[in-house]
Amino acid sequence: MKVLFVSAEMSPFAKTGGLADVAGSLPKAVAELGHDIRIVMPRYRMIKGDFKYVTDFPVRIDQSVETCVIRQTEIPYAFKGRKKSLKVYFTDSYRYFDRDGIYGHFDDAERFVFFSKAVLDMLPLINFKPDVIHCNDWHTGPVCLLLKEKYHTNEFYKDIAALFTIHNLEYQGHFSSYVVNLLNCGYDVFTPEKTEFYGMFNFMKAGLVYADVISTVSRVYAEEIKTPQYGERLEGLLQRRSADVFGIVNGIDYDQFNPLTDKNIAKNYGVDNLDDKKANKTALQKEMGLPCSDVPLIGLISRLSGQKGLNLIIDRIDDMLSKDIQFVLLGTGDEYYHEHFRAIASRYPGKIAVYLGFNANLAQMIYAGSDMFLMPSRFEPCGLGQIISLRYGTIPIVRATGGLAETIIDYDADKEHGNGFSFVDFSSDAMLGAIDRAVSVYNSSPDEWKALIRRAMEIDFSWDSSAKKYEELYKHTVNKRKS
Ligand code: ADP
(Lines give C-alpha, C1' and ligand atoms only; values in the text may rest on other atoms or scores of the structure.)
Protein backbone atom coordinates (compact mmCIF):
# COMPACT_ATOMS: atom_id res chain seq x y z
CA MET A 1 0.00 0.00 0.00
CA LYS A 2 1.01 3.60 -0.50
CA VAL A 3 0.35 5.88 2.44
CA LEU A 4 0.99 9.57 2.96
CA PHE A 5 1.28 10.44 6.64
CA VAL A 6 0.44 14.11 7.21
CA SER A 7 1.43 15.75 10.47
CA ALA A 8 2.20 19.23 11.81
CA GLU A 9 4.99 17.83 13.95
CA MET A 10 7.38 14.93 13.85
CA SER A 11 10.25 13.82 16.00
CA PRO A 12 13.16 14.62 15.68
CA PHE A 13 12.37 17.73 13.60
CA ALA A 14 9.69 19.55 15.62
CA LYS A 15 7.90 18.44 18.73
CA THR A 16 5.48 19.78 21.29
CA GLY A 17 4.02 16.46 22.44
CA GLY A 18 3.02 12.90 21.67
CA LEU A 19 1.91 13.58 18.09
CA ALA A 20 5.57 14.13 17.15
CA ASP A 21 6.57 10.83 18.74
CA VAL A 22 3.87 8.97 16.83
CA ALA A 23 4.75 10.65 13.52
CA GLY A 24 8.39 9.81 14.15
CA SER A 25 7.82 6.15 14.90
CA LEU A 26 4.57 4.67 13.54
CA PRO A 27 5.54 5.19 9.86
CA LYS A 28 8.76 3.25 10.42
CA ALA A 29 6.80 0.31 11.78
CA VAL A 30 4.31 0.48 8.89
CA ALA A 31 7.21 0.59 6.41
CA GLU A 32 8.54 -2.57 8.05
CA LEU A 33 5.32 -4.31 7.06
CA GLY A 34 6.26 -3.69 3.44
CA HIS A 35 4.33 -0.52 2.64
CA ASP A 36 5.49 2.66 0.93
CA ILE A 37 4.69 5.23 3.61
CA ARG A 38 6.00 8.77 3.39
CA ILE A 39 5.63 11.71 5.70
CA VAL A 40 4.91 15.34 5.00
CA MET A 41 5.17 18.22 7.44
CA PRO A 42 5.79 21.97 7.34
CA ARG A 43 9.35 23.15 7.43
CA TYR A 44 9.52 25.46 10.43
CA ARG A 45 12.53 27.71 10.97
CA MET A 46 13.87 25.35 13.65
CA ILE A 47 14.27 22.60 11.05
CA LYS A 48 17.76 23.20 9.74
CA GLY A 49 19.50 21.20 7.07
CA ASP A 50 20.47 21.09 3.47
CA PHE A 51 17.41 19.28 2.18
CA LYS A 52 17.00 18.22 -1.40
CA TYR A 53 14.86 20.51 -3.54
CA VAL A 54 12.07 18.52 -5.19
CA THR A 55 9.70 20.98 -6.80
CA ASP A 56 7.82 24.22 -6.30
CA PHE A 57 4.36 25.36 -7.27
CA PRO A 58 1.85 28.12 -6.57
CA VAL A 59 -0.82 27.58 -3.93
CA ARG A 60 -3.95 29.67 -4.15
CA ILE A 61 -5.24 31.07 -0.86
CA ASP A 62 -8.37 33.16 -1.36
CA GLN A 63 -7.34 35.85 -3.86
CA SER A 64 -3.60 35.53 -3.40
CA VAL A 65 -1.00 33.03 -4.48
CA GLU A 66 1.90 31.79 -2.38
CA THR A 67 4.78 29.61 -3.53
CA CYS A 68 5.34 26.29 -1.86
CA VAL A 69 8.74 24.65 -2.17
CA ILE A 70 8.86 20.92 -1.53
CA ARG A 71 12.06 19.59 -0.05
CA GLN A 72 12.87 16.05 0.84
CA THR A 73 15.08 14.14 3.19
CA GLU A 74 15.61 10.51 4.02
CA ILE A 75 15.84 9.90 7.73
CA PRO A 76 18.06 7.00 8.62
CA TYR A 77 16.92 4.83 11.50
CA ALA A 78 17.53 1.47 13.00
CA PHE A 79 14.68 -0.96 13.14
CA LYS A 80 15.41 -3.92 15.34
CA GLY A 81 19.07 -3.23 14.77
CA ARG A 82 18.84 -2.96 10.96
CA LYS A 83 19.63 0.27 9.10
CA LYS A 84 16.69 1.74 7.19
CA SER A 85 15.49 5.08 5.90
CA LEU A 86 12.20 6.90 5.56
CA LYS A 87 11.16 9.66 3.13
CA VAL A 88 10.05 12.92 4.65
CA TYR A 89 8.77 15.84 2.57
CA PHE A 90 8.74 19.38 3.88
CA THR A 91 6.40 22.08 2.67
CA ASP A 92 8.56 25.16 2.72
CA SER A 93 7.12 28.64 2.64
CA TYR A 94 8.97 31.77 3.56
CA ARG A 95 5.71 33.50 4.42
CA TYR A 96 4.01 30.86 6.56
CA PHE A 97 6.62 28.69 8.20
CA ASP A 98 9.92 30.56 8.38
CA ARG A 99 9.19 31.64 11.95
CA ASP A 100 10.00 30.59 15.48
CA GLY A 101 7.78 28.05 17.20
CA ILE A 102 5.23 25.68 15.74
CA TYR A 103 1.76 26.96 16.64
CA GLY A 104 0.22 30.01 18.20
CA HIS A 105 0.63 32.52 15.38
CA PHE A 106 -2.14 34.98 14.49
CA ASP A 107 -2.58 33.37 11.09
CA ASP A 108 -2.55 29.69 12.07
CA ALA A 109 -5.76 29.08 10.11
CA GLU A 110 -4.14 30.40 6.94
CA ARG A 111 -0.89 28.53 7.64
CA PHE A 112 -2.59 25.17 7.93
CA VAL A 113 -4.94 25.78 5.01
CA PHE A 114 -1.80 26.47 2.99
CA PHE A 115 -0.21 23.30 4.33
CA SER A 116 -3.29 21.21 3.53
CA LYS A 117 -3.52 22.52 -0.01
CA ALA A 118 0.21 22.09 -0.56
CA VAL A 119 0.02 18.47 0.62
CA LEU A 120 -2.62 17.65 -1.97
CA ASP A 121 -1.13 19.73 -4.78
CA MET A 122 2.34 18.23 -4.44
CA LEU A 123 1.20 14.64 -5.06
CA PRO A 124 1.10 14.57 -8.88
CA LEU A 125 4.29 16.64 -8.97
CA ILE A 126 6.24 14.16 -6.84
CA ASN A 127 4.56 11.33 -8.69
CA PHE A 128 3.15 9.71 -5.57
CA LYS A 129 -0.46 8.59 -5.56
CA PRO A 130 -1.27 7.25 -2.10
CA ASP A 131 -4.04 4.76 -1.46
CA VAL A 132 -4.62 6.47 1.85
CA ILE A 133 -3.80 9.89 3.20
CA HIS A 134 -3.41 9.54 6.95
CA CYS A 135 -4.29 12.91 8.51
CA ASN A 136 -3.50 13.75 12.10
CA ASP A 137 -5.19 16.30 14.35
CA TRP A 138 -6.86 19.58 13.48
CA HIS A 139 -4.10 21.04 11.33
CA THR A 140 -4.84 18.43 8.67
CA GLY A 141 -8.65 18.54 8.78
CA PRO A 142 -8.85 20.63 5.58
CA VAL A 143 -7.04 17.85 3.68
CA CYS A 144 -10.09 15.61 4.21
CA LEU A 145 -12.47 18.42 3.30
CA LEU A 146 -10.63 19.49 0.15
CA LEU A 147 -10.25 15.93 -1.03
CA LYS A 148 -14.00 15.36 -0.94
CA GLU A 149 -15.26 18.81 -1.87
CA LYS A 150 -12.79 19.68 -4.62
CA TYR A 151 -10.11 17.17 -5.57
CA HIS A 152 -12.17 14.00 -5.96
CA THR A 153 -13.54 15.19 -9.28
CA ASN A 154 -10.00 15.04 -10.63
CA GLU A 155 -8.94 11.64 -11.99
CA PHE A 156 -5.65 11.62 -10.04
CA TYR A 157 -7.36 12.04 -6.67
CA LYS A 158 -10.64 10.25 -7.15
CA ASP A 159 -9.69 6.96 -5.45
CA ILE A 160 -7.58 8.39 -2.64
CA ALA A 161 -9.05 7.56 0.77
CA ALA A 162 -8.63 9.59 3.98
CA LEU A 163 -8.09 8.38 7.52
CA PHE A 164 -8.26 11.05 10.23
CA THR A 165 -6.63 10.31 13.58
CA ILE A 166 -7.51 12.28 16.70
CA HIS A 167 -4.53 12.64 19.00
CA ASN A 168 -6.27 15.16 21.22
CA LEU A 169 -9.87 16.30 20.78
CA GLU A 170 -9.37 19.35 22.98
CA TYR A 171 -7.44 21.23 20.30
CA GLN A 172 -9.85 21.70 17.42
CA GLY A 173 -8.73 24.80 15.57
CA HIS A 174 -11.68 27.19 15.83
CA PHE A 175 -11.44 30.16 13.50
CA SER A 176 -13.80 32.62 11.87
CA SER A 177 -15.87 31.56 8.88
CA TYR A 178 -13.37 33.42 6.74
CA VAL A 179 -11.52 30.09 6.51
CA VAL A 180 -14.05 29.14 3.82
CA ASN A 181 -12.57 31.85 1.60
CA LEU A 182 -9.04 30.72 2.38
CA LEU A 183 -10.08 27.27 1.23
CA ASN A 184 -11.61 28.77 -1.92
CA CYS A 185 -14.76 26.84 -1.15
CA GLY A 186 -18.37 27.96 -1.19
CA TYR A 187 -20.25 28.78 2.00
CA ASP A 188 -22.22 25.56 1.52
CA VAL A 189 -19.40 23.85 3.48
CA PHE A 190 -20.08 26.14 6.43
CA THR A 191 -23.17 24.40 7.82
CA PRO A 192 -23.73 22.58 11.14
CA GLU A 193 -23.58 19.25 9.23
CA LYS A 194 -20.15 20.15 7.89
CA THR A 195 -17.69 22.59 9.42
CA GLU A 196 -19.71 25.15 11.35
CA PHE A 197 -19.36 24.90 15.11
CA TYR A 198 -21.01 27.46 17.37
CA GLY A 199 -20.52 30.13 14.73
CA MET A 200 -16.91 29.25 14.04
CA PHE A 201 -15.13 27.20 11.41
CA ASN A 202 -13.79 24.05 13.11
CA PHE A 203 -10.76 22.36 11.49
CA MET A 204 -11.08 19.18 13.55
CA LYS A 205 -14.74 18.87 12.66
CA ALA A 206 -13.81 19.14 8.98
CA GLY A 207 -11.57 16.12 9.46
CA LEU A 208 -14.22 14.17 11.36
CA VAL A 209 -16.97 14.91 8.85
CA TYR A 210 -15.05 14.33 5.65
CA ALA A 211 -12.64 11.47 6.49
CA ASP A 212 -13.65 8.02 5.27
CA VAL A 213 -12.58 6.56 8.61
CA ILE A 214 -11.73 8.10 11.97
CA SER A 215 -9.40 6.74 14.59
CA THR A 216 -7.96 7.76 17.89
CA VAL A 217 -5.05 6.62 19.97
CA SER A 218 -6.66 4.17 22.39
CA ARG A 219 -9.79 2.07 22.48
CA VAL A 220 -10.89 3.60 25.77
CA TYR A 221 -10.60 7.17 24.46
CA ALA A 222 -12.49 6.12 21.31
CA GLU A 223 -15.44 5.30 23.58
CA GLU A 224 -14.97 8.24 25.94
CA ILE A 225 -15.14 10.85 23.18
CA LYS A 226 -18.69 9.80 22.37
CA THR A 227 -19.78 11.13 25.77
CA PRO A 228 -20.36 14.74 26.86
CA GLN A 229 -17.66 14.42 29.54
CA TYR A 230 -14.88 13.83 27.00
CA GLY A 231 -16.46 14.73 23.66
CA GLU A 232 -15.49 18.42 23.69
CA ARG A 233 -18.91 19.21 22.15
CA LEU A 234 -18.24 16.91 19.20
CA GLU A 235 -19.75 13.84 20.87
CA GLY A 236 -22.93 14.05 18.78
CA LEU A 237 -20.96 13.87 15.55
CA LEU A 238 -18.78 11.08 16.90
CA GLN A 239 -21.85 9.12 17.96
CA ARG A 240 -23.31 9.51 14.49
CA ARG A 241 -20.07 8.27 12.95
CA SER A 242 -19.64 5.60 15.60
CA ALA A 243 -19.33 2.75 13.07
CA ASP A 244 -16.34 4.53 11.52
CA VAL A 245 -14.51 5.33 14.78
CA PHE A 246 -11.65 3.05 15.83
CA GLY A 247 -9.10 3.09 18.65
CA ILE A 248 -5.51 1.88 18.27
CA VAL A 249 -3.15 2.36 21.16
CA ASN A 250 0.17 4.08 20.42
CA GLY A 251 3.44 2.27 20.66
CA ILE A 252 6.87 3.78 21.16
CA ASP A 253 10.07 3.39 19.21
CA TYR A 254 11.90 0.62 21.08
CA ASP A 255 15.18 1.49 19.42
CA GLN A 256 14.96 5.14 20.44
CA PHE A 257 13.67 4.45 23.94
CA ASN A 258 16.00 1.76 25.16
CA PRO A 259 17.66 1.88 28.58
CA LEU A 260 20.32 -0.53 27.30
CA THR A 261 21.58 1.91 24.67
CA ASP A 262 20.19 5.37 25.57
CA LYS A 263 23.07 7.84 25.32
CA ASN A 264 21.35 10.47 27.45
CA ILE A 265 21.39 8.48 30.65
CA ALA A 266 24.20 8.08 33.18
CA LYS A 267 24.41 4.30 33.05
CA ASN A 268 22.75 1.87 30.68
CA TYR A 269 20.77 -0.98 32.17
CA GLY A 270 18.30 -3.70 31.37
CA VAL A 271 16.21 -6.29 33.19
CA ASP A 272 19.33 -8.34 33.85
CA ASN A 273 21.26 -5.59 35.60
CA LEU A 274 18.58 -3.60 37.36
CA ASP A 275 20.97 -2.39 40.03
CA ASP A 276 22.50 -0.08 37.42
CA LYS A 277 19.22 1.83 37.34
CA LYS A 278 20.28 3.23 40.74
CA ALA A 279 23.21 5.10 39.17
CA ASN A 280 20.65 6.98 37.09
CA LYS A 281 18.72 7.96 40.20
CA THR A 282 21.85 9.37 41.76
CA ALA A 283 22.76 11.19 38.54
CA LEU A 284 19.27 12.70 38.38
CA GLN A 285 19.39 13.79 42.01
CA LYS A 286 22.74 15.47 41.41
CA GLU A 287 21.57 17.12 38.22
CA MET A 288 18.46 18.50 39.94
CA GLY A 289 20.15 19.46 43.21
CA LEU A 290 18.31 16.92 45.37
CA PRO A 291 19.97 14.97 48.20
CA CYS A 292 21.29 11.59 47.04
CA SER A 293 19.12 9.37 49.19
CA ASP A 294 17.12 6.23 48.58
CA VAL A 295 13.67 7.70 49.28
CA PRO A 296 11.21 7.06 46.44
CA LEU A 297 11.69 9.55 43.64
CA ILE A 298 8.60 10.47 41.64
CA GLY A 299 9.08 11.97 38.17
CA LEU A 300 6.62 13.93 36.06
CA ILE A 301 7.17 15.13 32.48
CA SER A 302 4.33 16.94 30.84
CA ARG A 303 2.92 19.79 28.89
CA LEU A 304 1.64 22.05 31.64
CA SER A 305 -2.00 22.33 30.67
CA GLY A 306 -5.39 21.79 32.30
CA GLN A 307 -5.66 18.34 30.73
CA LYS A 308 -2.82 16.96 32.80
CA GLY A 309 -4.48 17.17 36.23
CA LEU A 310 -1.70 19.22 37.78
CA ASN A 311 -4.11 20.98 40.10
CA LEU A 312 -4.52 17.71 41.97
CA ILE A 313 -0.86 18.16 42.90
CA ILE A 314 -0.89 21.90 43.47
CA ASP A 315 -4.00 21.76 45.70
CA ARG A 316 -2.44 19.26 48.09
CA ILE A 317 1.29 19.79 47.63
CA ASP A 318 1.84 20.10 51.39
CA ASP A 319 0.27 16.69 51.98
CA MET A 320 2.13 15.18 49.08
CA LEU A 321 5.52 16.48 50.17
CA SER A 322 4.95 15.63 53.83
CA LYS A 323 5.68 12.07 52.75
CA ASP A 324 9.25 10.89 52.62
CA ILE A 325 9.61 11.25 48.87
CA GLN A 326 11.35 13.36 46.27
CA PHE A 327 9.61 14.87 43.28
CA VAL A 328 11.09 16.00 39.96
CA LEU A 329 8.97 17.89 37.47
CA LEU A 330 9.88 18.76 33.87
CA GLY A 331 7.35 20.71 31.88
CA THR A 332 6.39 23.79 30.01
CA GLY A 333 3.07 25.35 29.13
CA ASP A 334 0.55 27.64 30.80
CA GLU A 335 2.06 30.47 32.80
CA TYR A 336 -0.35 29.65 35.65
CA TYR A 337 1.46 26.35 36.26
CA HIS A 338 4.89 27.88 35.83
CA GLU A 339 4.13 30.35 38.62
CA HIS A 340 2.73 27.70 40.96
CA PHE A 341 5.54 25.21 40.47
CA ARG A 342 8.20 27.91 40.73
CA ALA A 343 6.72 28.92 44.08
CA ILE A 344 6.43 25.33 45.29
CA ALA A 345 10.04 24.59 44.33
CA SER A 346 11.29 27.52 46.37
CA ARG A 347 9.25 26.39 49.39
CA TYR A 348 10.50 22.82 49.35
CA PRO A 349 14.17 22.80 48.35
CA GLY A 350 15.61 19.33 48.70
CA LYS A 351 12.23 17.69 48.15
CA ILE A 352 11.06 18.96 44.79
CA ALA A 353 13.08 20.09 41.81
CA VAL A 354 11.44 21.78 38.87
CA TYR A 355 12.68 22.46 35.35
CA LEU A 356 10.30 24.68 33.43
CA GLY A 357 11.16 24.21 29.79
CA PHE A 358 11.42 21.62 27.06
CA ASN A 359 14.45 19.37 27.46
CA ALA A 360 14.56 16.01 25.70
CA ASN A 361 17.86 14.94 27.34
CA LEU A 362 16.65 15.66 30.84
CA ALA A 363 13.44 13.80 30.03
CA GLN A 364 15.44 10.62 29.42
CA MET A 365 17.33 11.13 32.70
CA ILE A 366 14.00 11.39 34.50
CA TYR A 367 12.51 8.29 32.85
CA ALA A 368 15.64 6.33 33.81
CA GLY A 369 16.34 7.86 37.21
CA SER A 370 12.88 8.00 38.81
CA ASP A 371 11.27 5.17 40.75
CA MET A 372 7.75 6.21 39.87
CA PHE A 373 6.16 8.36 37.17
CA LEU A 374 3.05 10.40 37.90
CA MET A 375 0.29 11.16 35.37
CA PRO A 376 -2.88 12.38 37.11
CA SER A 377 -4.55 13.39 33.82
CA ARG A 378 -8.10 14.72 33.63
CA PHE A 379 -8.23 13.02 30.23
CA GLU A 380 -5.55 11.28 28.23
CA PRO A 381 -6.09 10.10 24.63
CA CYS A 382 -3.17 7.68 24.91
CA GLY A 383 -0.29 9.11 26.87
CA LEU A 384 3.27 8.17 26.07
CA GLY A 385 4.91 9.05 29.37
CA GLN A 386 3.57 5.95 31.09
CA ILE A 387 4.68 3.73 28.19
CA ILE A 388 8.20 5.18 28.11
CA SER A 389 8.32 4.81 31.91
CA LEU A 390 7.43 1.13 31.71
CA ARG A 391 10.23 0.62 29.23
CA TYR A 392 12.65 2.21 31.72
CA GLY A 393 11.33 0.23 34.70
CA THR A 394 9.83 3.33 36.26
CA ILE A 395 6.46 2.48 37.76
CA PRO A 396 3.53 4.62 36.54
CA ILE A 397 1.00 6.13 38.94
CA VAL A 398 -1.88 7.23 36.74
CA ARG A 399 -5.47 8.31 36.70
CA ALA A 400 -7.46 5.57 34.98
CA THR A 401 -8.67 7.46 31.92
CA GLY A 402 -8.24 6.97 28.15
CA GLY A 403 -4.95 5.37 27.19
CA LEU A 404 -3.79 5.35 30.80
CA ALA A 405 -6.70 3.08 31.71
CA GLU A 406 -5.88 0.88 28.74
CA THR A 407 -2.16 0.45 29.38
CA ILE A 408 -1.83 0.49 33.17
CA ILE A 409 -3.21 -2.29 35.35
CA ASP A 410 -3.44 -1.43 39.04
CA TYR A 411 -1.06 -3.57 41.05
CA ASP A 412 -3.24 -3.75 44.14
CA ALA A 413 -6.27 -4.80 42.13
CA ASP A 414 -4.34 -7.44 40.18
CA LYS A 415 -1.06 -8.57 41.72
CA GLU A 416 -0.47 -11.04 38.93
CA HIS A 417 -0.67 -8.62 36.00
CA GLY A 418 -0.40 -5.19 37.65
CA ASN A 419 2.22 -2.87 36.12
CA GLY A 420 1.52 0.35 38.00
CA PHE A 421 -0.86 2.10 40.33
CA SER A 422 -4.02 3.77 39.20
CA PHE A 423 -6.91 5.75 40.64
CA VAL A 424 -10.32 6.44 39.19
CA ASP A 425 -11.76 9.54 40.89
CA PHE A 426 -10.34 12.79 39.61
CA SER A 427 -9.44 14.00 43.10
CA SER A 428 -6.32 14.80 45.10
CA ASP A 429 -7.38 12.25 47.72
CA ALA A 430 -7.53 9.46 45.17
CA MET A 431 -4.17 10.49 43.72
CA LEU A 432 -2.50 10.68 47.15
CA GLY A 433 -3.97 7.27 47.96
CA ALA A 434 -2.34 5.77 44.86
CA ILE A 435 1.00 7.43 45.68
CA ASP A 436 0.75 5.99 49.22
CA ARG A 437 0.12 2.52 47.88
CA ALA A 438 3.12 2.72 45.55
CA VAL A 439 5.42 4.15 48.23
CA SER A 440 4.33 1.46 50.64
CA VAL A 441 5.30 -1.39 48.30
CA TYR A 442 8.57 0.39 47.48
CA ASN A 443 9.48 0.81 51.16
CA SER A 444 8.22 -2.44 52.62
CA SER A 445 8.98 -5.02 49.92
CA PRO A 446 12.08 -4.33 47.84
CA ASP A 447 11.84 -7.75 46.18
CA GLU A 448 8.24 -7.20 45.22
CA TRP A 449 9.17 -3.79 43.84
CA LYS A 450 11.99 -5.30 41.79
CA ALA A 451 9.62 -7.91 40.38
CA LEU A 452 7.23 -5.12 39.45
CA ILE A 453 10.02 -3.26 37.65
CA ARG A 454 10.94 -6.41 35.78
CA ARG A 455 7.35 -6.97 34.72
CA ALA A 456 7.05 -3.35 33.59
CA MET A 457 10.17 -3.64 31.45
CA GLU A 458 9.07 -6.87 29.85
CA ILE A 459 5.71 -5.63 28.60
CA ASP A 460 5.79 -5.02 24.86
CA PHE A 461 4.57 -1.60 23.79
CA SER A 462 6.67 -1.46 20.65
CA TRP A 463 4.77 -0.62 17.46
CA ASP A 464 4.68 -4.20 16.24
CA SER A 465 1.13 -5.01 17.16
CA SER A 466 -0.38 -1.52 16.69
CA ALA A 467 1.26 -1.09 13.27
CA LYS A 468 -0.52 -4.25 12.13
CA LYS A 469 -3.78 -2.75 13.34
CA TYR A 470 -3.08 0.42 11.33
CA GLU A 471 -2.36 -1.78 8.31
CA GLU A 472 -5.82 -3.32 8.71
CA LEU A 473 -7.35 0.10 9.19
CA TYR A 474 -5.68 1.45 6.04
CA LYS A 475 -7.21 -1.46 4.10
CA HIS A 476 -10.58 -0.80 5.67
CA THR A 477 -10.29 2.90 4.78
CA VAL A 478 -9.57 2.07 1.13
CA ASN A 479 -12.57 -0.28 1.02
CA LYS A 480 -14.78 2.32 2.64
CA ARG A 481 -13.79 4.83 -0.05
CA LYS A 482 -14.62 2.31 -2.76
CA SER A 483 -18.01 1.43 -1.31
P1 ADP B 1 0.83 15.02 25.04
O2 ADP B 1 0.91 14.57 23.61
O3 ADP B 1 -0.55 15.29 25.51
O4 ADP B 1 1.74 16.15 25.33
P5 ADP B 1 1.99 12.42 25.67
O6 ADP B 1 2.19 11.72 26.95
O7 ADP B 1 1.25 11.67 24.61
O8 ADP B 1 1.32 13.81 25.97
O9 ADP B 1 3.41 12.78 25.03
C10 ADP B 1 4.25 13.67 25.62
C11 ADP B 1 5.64 13.50 25.02
O12 ADP B 1 6.35 14.73 25.13
C13 ADP B 1 6.46 12.48 25.78
O14 ADP B 1 7.42 11.92 24.90
C15 ADP B 1 7.15 13.34 26.83
O16 ADP B 1 8.33 12.76 27.32
C17 ADP B 1 7.44 14.59 26.03
N18 ADP B 1 7.52 15.83 26.81
C19 ADP B 1 6.49 16.53 27.34
N20 ADP B 1 6.93 17.65 27.96
C21 ADP B 1 8.28 17.65 27.79
C22 ADP B 1 9.31 18.56 28.21
N23 ADP B 1 9.04 19.66 28.89
N24 ADP B 1 10.57 18.25 27.88
C25 ADP B 1 10.85 17.13 27.17
N26 ADP B 1 9.93 16.24 26.75
C27 ADP B 1 8.65 16.50 27.06
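User: Into which domains is the protein chain divided?

Analyst: The chain of this predicted model falls into domain 1 (2–252 + 464–482) and domain 2 (271–460). These bounds come from an automatic or database domain assignment. The numbering of residues starts from 1 along each chain as its sequence is written, and side-chain values use heavy atoms, with hydrogens and water left out. As the model is predicted, local features need pLDDT of at least 70 and side-chain atom pairs count only at pLDDT 80 or more, while totals for chains, interfaces and linings use all residues.

User: How do you know that domain 1 and domain 2 are in contact?

Analyst: Contact means heavy atoms within 4.5 Å. By that rule, 20 residues of domain 1 are in contact with 20 residues of domain 2. The centres of the two domains, taken over C-alpha atoms, are separated by 32 Å.

User: What area is buried between domain 1 and domain 2?

Analyst: The size of an interface is often given as the accessible area lost when the parts come together. Buried area here is the accessible area (1.4 Å probe) that two parts lose on being put together, summed over both. For domain 1 and domain 2 this is about 1600 Å², and carbon and sulfur atoms give 60% of that area.

User: What makes Glu170 and Arg378 a salt bridge?

Analyst: A salt bridge requires a side-chain nitrogen of Lys or Arg within 4 Å of a carboxyl oxygen of Asp or Glu. The closest N and O atoms of Glu170 and Arg378 are 4.0 Å apart, and therefore the pair is counted under this rule. Across the interface of domain 1 and domain 2 the rule finds two salt bridges. Nine residue pairs across this interface are in polar contact, both residues being at pLDDT 80 or more. A polar contact is a pair of N or O atoms within 3.5 Å; within protein, one must be able to donate a hydrogen and the other to accept it, and residues adjacent in sequence count only if both atoms are side-chain atoms.

User: Why is Val30 called buried?

Analyst: Buried means under 20% relative accessible area, exposed over 50%, and partly exposed in between (1.4 Å probe, protein chains only). Val30 has a relative accessible area of 0%, so Val30 is buried. Val30 is found in helix α1. Not counting residues up to four places away in sequence, Val30 touches His35, Ile37, Ala467 and Tyr474.

User: Is Ser302 buried or exposed, and how do you know?

Analyst: The relative accessible area of Ser302 is 13%, and therefore Ser302 is buried. Ser302 lies in strand β13 (residues 297–304). Strands (E, at least two residues) and helices (H or I, at least four) are DSSP runs, numbered from the N terminus. Beyond four places in sequence, the residues touching Ser302 are Lys308, Leu330, Gly331 and Thr332.

User: What makes Glu380 count as buried?

Analyst: Its relative accessibility is 4%, so Glu380 counts as buried. Glu380 is located in the loop between β16 (372–375) and α14 (385–391). Among the residues that Glu380 touches are Tyr221, Gln307, Lys308 and Met375.

User: Why is helix α13 described as largely enclosed by the rest of the structure?

Analyst: Helix α13 (residues 360–369) is described in this way because eight of its 10 residues are buried. They include Leu362, Met365 and Ile366. The buried residues of α13 pack against α9 (277–288), β13, β14 (326–333), β15 (352–356), β16 and α14.

User: How do you know that Asn359 caps the N-terminal end of α13?

Analyst: A side-chain oxygen of Asn359 lies 3.2 Å from the backbone nitrogen of Asn361.
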